[in-house]
Amino acid sequence: MSTHVAGKFNLENAPRLDSKERINWNNPVEIVDASGIGVGLRVAEIGCGTGWFTFEIEKRVRPRGMVYALDMQPAMLQILRAKRENWERILTLPCGENEFELDSEEVDLVFHANVLHECAEPEAHLREVHRVLKAGGSLALLEWHWASEESQPGPPNTQRLEPDETHRLIEAAGFEAEPVRDVGPFHYLIKATKK
Ligand SMILES: C[S@@+](CC[C@H](N)C(=O)[O-])C[C@H]1O[C@@H](n2cnc3c(N)ncnc32)[C@H](O)[C@@H]1O
């Protein structure tokens, strides 16, 4: 029986999230650098998947910070945990579509990569992101540009979010968003501050 959850990244394709070539178009060092993650921060990574970015985030927050790695699909969290024995600065947490088991204002920064286009209710989802951030906390959100070539990786264009629309959704959830910037050949990053 298939375990696929409609609209969500298919678990059967989980190895694609860790493909060798991905380093060329979603370099964790470059993207985590651009997100402003540093020592001692409490970071919630929403939709962490198999942990492509998680371990790089953990490296940056050590020795005092914490990474809460959340995903709606617990099997993704299992893959992440199996990658390494020593991950005491990472706490994996299953979550709901728009519901995170974190207190209000619990984290300094939310890292959100390649997830918003899978969200059934992006506005409600971003309001939950807003809730868990402390006042003045930061959001770093990465998404796919529209594909110019059929052969490029990622979801079909019909599932992608235009940068202007993502920017609008982020501001509507109560953030002050910075201008959209490109990262790598296929993605854009929007950084925002909780008002
Ligand atoms: C395309 S994968 C990206 C995983 C990871 N961020 C990366 O870039 O490698 C999207 C992930 O987001 C999760 N997801 C989708 N909607 C979600 C939601 N509303 N809340 C939390 N996680 C969600 C999926 O289960 C999946 O693991």
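Leaving aside neighbours within four places in sequence, Gly 174 is in contact with His 130, Lys 194 and Lys 195, where contact denotes C-beta atoms, placed from the backbone, that lie within 7 Å. The structure is a predicted model, in which local features need pLDDT of at least 70 and side-chain atom pairs count only at pLDDT 80 or more, whereas totals for chains, interfaces and linings use all residues. Residues are numbered from 1 along each chain as its sequence is written. Gly 174 lies in the loop between α6 and β6; helices (H or I, at least four residues) and strands (E, at least two) are DSSP runs, numbered from the N terminus. Gly 174 is classed as partly exposed because 15 other C-beta atoms lie within 10 Å. For this classification, a residue is buried if 20 or more other C-beta atoms lie within 10 Å of its own, exposed if 12 or fewer, and partly exposed in between, with C-beta atoms placed from the backbone. The C-alpha atoms of Gly 174 and Lys 134 are 13 Å apart in space, with a sequence separation of 40 residues.

Ala 177 is found in strand β6. With 19 C-beta neighbours inside 10 Å, Ala 177 also counts as partly exposed. Beyond the neighbours within four places in sequence, the contacts of Ala 177 are His 167, Ile 170, Glu 171, Ile 190 and Ala 192. Ala 192, in β8, also stands opposite Ala 177. Ala 177 and Thr 193 are 16 residues apart in sequence, and their C-alpha atoms are 6.5 Å apart in space.

Strand β8 (residues 187-194) pairs with strand β5 (residues 133-144) through 7 bridges, and the two run antiparallel; strands are taken to pair if DSSP finds at least two bridges between them. Within this pairing, Trp 144 has His 187 of β8 as its bridge partner. Strand β6 (residues 175-177) is joined to β8 by 3 bridges, in antiparallel orientation. Strand β7 (residues 181-183) likewise runs antiparallel to β8, with 3 bridges between them. Arg 181 has Leu 189 as its bridge partner in β8. The hairpin of β7 and β8 has 3 residues between the strands, and Gly 184 in this hairpin takes a positive phi near 70°.

Helix α5 (residues 122-132) has as its buried residues Pro 122, His 125, Leu 126, Val 129 and Val 132. Seen down the helix axis, these buried residues fall within an arc of 120°, so they line one face of α5; the arc is that of the directions from the helix axis to the C-beta atoms. In general, an α-helix has 3.6 residues a turn, so residues three or four places apart point the same way. The buried residues of α5 pack against β1 (42-46), β4 (107-113), β5 and α6 (163-172).

Several backbone features occur in loops. The peptide bond from Arg 62 to Pro 63 is cis, with omega near 5°, and Pro 63 is found in the loop between α3 (54-61) and β2 (66-71). Glu 105, although not a glycine, has a positive phi of about 60°. This residue, Glu 105, lies in the loop between β3 (90-94) and β4, and counts as partly exposed with 13 C-beta neighbours inside 10 Å. Asn 114 has a positive phi of about 60° and is not a glycine. Asn 114 is found in the loop between β4 and α5, and counts as buried with 20 C-beta neighbours inside 10 Å.

Around the ligand are 21 residues, of which Phe 9, Gly 47, Gly 49, Trp 52 and Gln 73 come nearest; a residue is near a molecule if its C-beta atom, placed from the backbone, lies within 6 Å of it. The shell around the ligand has 12 nonpolar, 5 polar and 4 charged residues. In this scheme, Ala, Val, Leu, Ile, Met, Phe, Trp, Tyr, Cys and Pro count as nonpolar, Asp, Glu, Lys and Arg as charged, and the others, Gly among them, as polar.

Overall, the secondary structure of the protein chain comes to 6 helices and 8 strands, in the sequence pattern α-α-β-α-β-α-β-β-α-β-α-β-β-β. Buried residues make up 38% of the 195 residues. Among contacts between residues at least 6 apart in sequence, 66% join residues at least 24 apart.

Definitions and conventions:
Contact = placed C-beta atoms within 7 Å.
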